[in-house]
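Hi,

Here is the structure I promised to pass on.

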Amino acid sequence: MPEFETRLEIGHPADRVFAWHDRPGALLRLFPPWWSVRVVSGPARLSAGDRVVLRIGTGPVRVTSEFERAEMDPAGLIVDRQVRGPFERWRHTHRLEPIAGGGTALVDAVEWRGPAGPLGALIGPAQIRRELTRIFEFRARRIDRDLSLMQRYGTDDGARVAVTGSTGLIGTAISSQLEVAGYRVVRISRSHPPPGRSADWIRWDPASGRLPAGALEGARAVVHLAGETIAGLRWTPAKKRRIVESRQKGTDLVSRTLAGLGHPPRVLLVASAVGFYGDRGEEWLTEKSGPGTGFLAEVCRKWETAADPARRVGIRTVHMRTGLVLSPAGGALGQLLLPFRMGLGGRIGAGRQYVSWIDLDDHTGLALHAISATALRGAVNAVSPAPLTNAAFTDVLGRVLRRPTLLPVPRAVLRGVAGEMGVELLLSGQRAVPAEALRTGYEFRFPDLELSLRHQLGSPEASR
């Protein structure tokens, strides 16, 4: 039976590393972003004997697997085994060993009997070992980073944070980040919860103005992320109306509801976008820069103004003007990967438009910072300190993927195919910098594009 073992060291004590594993949210944060993982059923926090069913995908492959937490010993032993799934046998033993200087060695041992049938013919032991190496290196980086954030922003009192849009790419990541930091996350969603996860789930309907106020009473913070996706081939009049109304009505409903509470949250964190600034060429943009022109700038102005009811009653309100969030699990990077991996990537138009981007792990860290940093209010640019032109971004992505980037998309072609959406999202740009985040002490883990891409894509050259 094939076996694999790896040992990686991080600078945090073993009891804190175990506590991280023992919190809700840890399970999803253990999976790398180049995998697609969805919880089908099971508890948010796994104890010995608990089982969870996951839908896991990588590339075109999608499988459903059931795992059991076979052992969970605070002395530093965690054992997971596959109950059913693609492998004939899978047993993973985590050992947390204290090392000199107060750190921990993460020792992961996996034994398995390979998949049967066509999947087994495609995946051999050497491929599995390579993938396990990537996964455990990623996990070490993420656990190390999360524990540093916990030291600075975590809580031990289980304070509640309510999150709308919690099932999307960013909402899922922020929710799990909050949970490992010690917060109790209440998910506000239009959908039904997965089996076994209804205790902290609120159904709402922003279109009809339904949001149970009582469930928000006494929450430490509310993170409002929900809104109609701006992605799509073209912005029809109906699509543009949904984009505006979903943000304006949803934010107004949340802010008015919070304003009427007897014990409102200390902070309301509301999503926004660097599209607020419009197309500004090479101009450096801070939070003090004025609004631009265009559809997205108008959307962002209405979006942010809709939070005024909460602001007027003294709730500290923060608007995260987000740039391009980097994760292979979705968003723009997720869509770019296939053509770039096929050697069909290239700059868009002349490539001179600026891309303000942020690593997904820095975005979740910045959300934690915004909840805790009382000096932060109003707009905060949720972007890295190093915006790049589209041409430079394209070159770095090609280098990380080891693929040529010789096929530009002509401006006229993009305008003809995608219309206004293509012009505003792909041919326009903002050279935004996170002045407020830096002023209030946030430390970026991935300020460099290549470092971020190697982390998110599991490049063998990524380092902790």
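Predicted model: local features only at pLDDT ≥ 70, side-chain atom pairs only at ≥ 80, totals over all residues.

Residues are numbered from 1 along each chain as its sequence is written, and side-chain values use heavy atoms, with hydrogens and water left out.

The sheet is open and has seven strands in the order β1-β7-β6-β5-β4-β3-β2, with antiparallel pairing. Strands (E, at least two residues) and helices (H or I, at least four) are DSSP runs, numbered from the N terminus, and two strands pair if DSSP finds at least two bridges between them. At the edges are β1 (3-10) and β2, each pairing on one side only. Neighbouring strands are turned by 25 degrees against each other on average, direction ignored. Between β3 and β4 (residues 61-73) there are eight bridges; one joins I56 to V63 in β4.

Helix α4 packs on this sheet, touching β1, β6 and β7, and its direction makes about 20 degrees with that of β1. Contact here means heavy atoms within 4.5 Å; angles run from 0 to 180 degrees between N-to-C directions, with axes fitted to C-alpha atoms, for helices over the stretch in contact.

How do α4 and α10 (residues 360-372) cross, and within what distance do their axes come? The axes come within 11 Å and cross at roughly 10 degrees. That makes α4 roughly parallel to α10 (angles under 35 degrees count as such). On the α4 side the contact is made by R142, R145, L149 and Y153.

Now the spaces. On a 1 Å grid over the protein atoms alone, a cavity is a set of points where a 1.4 Å probe fits but cannot get out, and a pocket is an open set with protein on both sides within 12 Å along at least five of seven lines; lining residues have an atom within 4 Å of a point. Grid points are joined across faces, edges and corners, and a volume is the space filled by probe spheres set on the points.

The second largest pocket has a volume of about 1,500 Å³. Its lining has 50 residues, of which P33, W34, W35, S36 and A329 are the closest to its centre.

The largest cavity holds about 100 Å³ of space. Closest to its centre are H21, H94, L106, D108 and I143, and α4 gives the most to its lining, with four residues.

Best wishes

Methods. Parallel < 35°, antiparallel > 145°, perpendicular 65-115°, else oblique.
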